[in-house]
Amino acid sequence: MRNPSPNGRRWFGCLTLILAALFVWGCRPRDAAPPPTSGPSQEFGTASSLRPPPGPGRFETEWDRSNFDHGLWDRALQAHVDDRGRVAYEAMKRNAAFEQYLFRLSRTDADGLATDAERLAFWINAYNALTIQGVLDTLPDSPESWPDYRISEVRIGDRTLWKGVRFRVGGGEFTLDEIEHEILRKRDGLRDPRIHVALVCAARGCPPLWNRAFTAAAIDQQLTAAMRRFVADRNQMAVDVSDRVIRISRIFDWYGADFTNPAFMPHAESIPHFLANYCEEAAIAESLRKGDWRLEFNEYDWRLNIQG
């Protein structure tokens, strides 16, 4: 018999491999799981979002995208956030206004808003709402264990929740970290150090989540009020006049430079001067504007800001 040609041997070998592969695939169980993927999507769904934005079939698709209304978020906050800034997470998860609000955030281009005030209110509210979404999507199954949840310990692959999830929001896909540091702290017209007492990371050590939405019409007054609440809250700040020590949230350790940076408005020559501008106790405010002060930073309480 004539020996097969090199080309014939090659084709025969390829055919054999193909048939073997088809046999193995046919024997594979129908419900076998695909191989695990790598990267930040491994533990909690896709890297784009832990929970994809709700589809348009469930919600109204028409609203004024150039004059964004935060009324839905305001209703959800009023219903499920108490005066201490604690959240009823189980109820928030089922709140239709909250779901509709997330849908609108995902389909509104923030760059199309008319003013810096509108963009500032949009991104602050978006950060807080998406933080709650991220918490809801990573809470343990058992509500009894929720008080032990710490957002700082959540991992999306090898990243934190702030860096590991890209949310569809404002005309793009952004992580919480990018909203805070690349948008709010970097873009002209948005750099206001008071955002640090308005953005809430779902921990008890954060400034309390205010149970009203920020709005373009009142954003300056609302940030002023948030700063005054922070200065008056002894869990966030305490002044020892005799020792000239300010015991304050670690936020001022992490972001203290923003409060004295001329690129941010408002700002002051020092952190004590900045705090004095929002202190309603006249004697303490006057003292803060004089002499040197030492800052001591509180331990941060990462426990979940849950009601009960």
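**Note on the predicted model**

1. Strand 5 and strand 6 (residues 245-248) pair in the antiparallel sense over 4 bridges, where strands are DSSP runs of E of at least two residues, numbered from the N terminus, and two strands pair if DSSP finds at least two bridges between them. Within this pairing, Met-237 has Ile-248 of strand 6 as its bridge partner.

2. This is a predicted model, in which local features need pLDDT of at least 70 and side-chain atom pairs count only at pLDDT 80 or more, while totals for chains, interfaces and linings use all residues. Residues are numbered from 1 along each chain as its sequence is written, and side-chain values use heavy atoms, with hydrogens and water left out.

3. An open sheet of mixed pairing is formed by 3 strands in the order 5-6-7. Its edge strands, each pairing on one side only, are strand 5 (237-240) and strand 7 (294-297).

4. Helix 4 (residues 96-106) packs against helix 5 (residues 116-138) at an angle of about 120 degrees, with the axes 11 Å apart; helices here are DSSP runs of H or I of at least four residues, and axes are lines fitted to C-alpha atoms over the stretch in contact, with angles running from 0 to 180 degrees between N-to-C directions. Helix 4 is therefore oblique to helix 5, given that angles under 35 degrees count as roughly parallel, over 145 as roughly antiparallel, 65 to 115 as roughly perpendicular and the rest as oblique.

5. Of the 308 residues in the chain, 44% are buried, that is, under 20% relative accessible area with a 1.4 Å probe, protein chains only.

Conventions
Buried means under 20% relative accessible area, exposed over 50%, partly exposed in between (1.4 Å probe, protein chains only).
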